[in-house]
Amino acid sequence: MAKLSKRVKAMRDGLDLDASYSVEDAVKILKERSKVKFDETIEVAIGLGVDPRHADQMVRGVIGLPNGTGKDVRVAVFARGDNAEKAKAAGAELVGAEDLMETIQKGEMDFDRCIATPDMMAVVGRLGKVLGPRGLMPNPKLGTVTQDVEAAVKAAKGGQVEYRVEKNGIIHCGVGKVSFDEKALAENVKALVGAVVKAKPAGVKGTYFKTMSMSSTMGPGLSIDTSSALGE
């Protein structure tokens, strides 16, 4: 068994890692026990009773967190003409067409979100094998294939996050920073939970929302009481 460092021992001291906590209590504990020199991300993991191998059980969407993410999101936009200018004005870091495609094909992918106008999807489609595995492929269902690139860029930079169930049926998502106040973090967590609940596929049988945990980047993982998280 690996030997625990003094920092980890101190962080876990007096903490019952087998207990289940309310969202509010977990937020308070993670903030109190953050002792590192950078602003940690608060992360949520939700275990769902779905089988993502079946298309009708894929859970994926976007949610605008009410208090933002605290993260500087870099946005790439595929657009031409007026739309390209609007994307730049809205704050997109990378804007282009075939030239942007060539940049990405070279392996230069310094961005967190990719947006495209509908007329650019023929170009973007050539990048499917590059963008797809990274979850960056523009998708009309996620609002990243749109004629209103200005609004899409502002949403991406203003606290919108994407959630997507992984092959093991788990959603991982950052919901803010340790420096946020407790109320803001709790509101963000509950906004994410609400979005995931609404995204329940019609064909799911049995328990849908099975488990939930919260952690900070370098902090402990805390089990969350699902009844509390769901407001039951």
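1. Basis. The model is predicted, so local features need pLDDT of at least 70 and side-chain atom pairs count only at pLDDT 80 or more, while totals for chains, interfaces and linings use all residues. Residues are numbered from 1 along each chain as its sequence is written, and side-chain values use heavy atoms, with hydrogens and water left out.

2. Helix 3, buried side. Helix 3 covers residues 81-90, and its buried residues are Asn-83, Ala-84, Ala-87 and Ala-90. Seen down the helix axis, these fall within an arc of 125 degrees, so they line one face of helix 3. The arc is taken from the directions from the helix axis to the C-beta atoms. Buried means under 20% relative accessible area, exposed over 50%, and partly exposed in between (1.4 Å probe, protein chains only). Helices (H or I, at least four residues) and strands (E, at least two) are DSSP runs, numbered from the N terminus.

3. Helix 3, surroundings. The buried residues pack against strand 4 (75-78), strand 5 (94-96) and helix 7 (149-157). Contact means heavy atoms within 4.5 Å. Asp-82 and Ala-89 are exposed, on the face turned away from the buried side. Gly-91 follows the helix, with a positive phi near 110 degrees.

4. Asp-51. This residue sits in the loop between strand 2 (41-48) and strand 3 (60-64). Its relative accessibility is 19%, so Asp-51 counts as buried. Its side chain makes a polar contact of 2.9 Å with that of Arg-53. A polar contact is a pair of N or O atoms within 3.5 Å; within protein, one must be able to donate a hydrogen and the other to accept it, and residues adjacent in sequence count only if both atoms are side-chain atoms.

5. Helix 2 and helix 8. Helix 2 (residues 23-32) packs on helix 8 (residues 182-198) at about 130 degrees, with axes 9 Å apart. The contact is made by Val-23, Glu-24, Val-27, Lys-28 and Lys-31 of helix 2 and by Glu-182, Leu-185, Ala-186, Val-189 and Lys-190 of helix 8. Axes are lines fitted to C-alpha atoms, for helices over the stretch in contact, and angles run from 0 to 180 degrees between N-to-C directions.

6. Ala-229. This residue is in helix 9 (residues 226-229). Ala-229 is buried, at 8% relative accessible area. Leaving aside neighbours within four places in sequence, Ala-229 contacts Val-23, Val-193, Met-212 and Ile-224. Ala-229 and Ala-186 are 43 residues apart in sequence and 9.8 Å apart in space, C-alpha to C-alpha.
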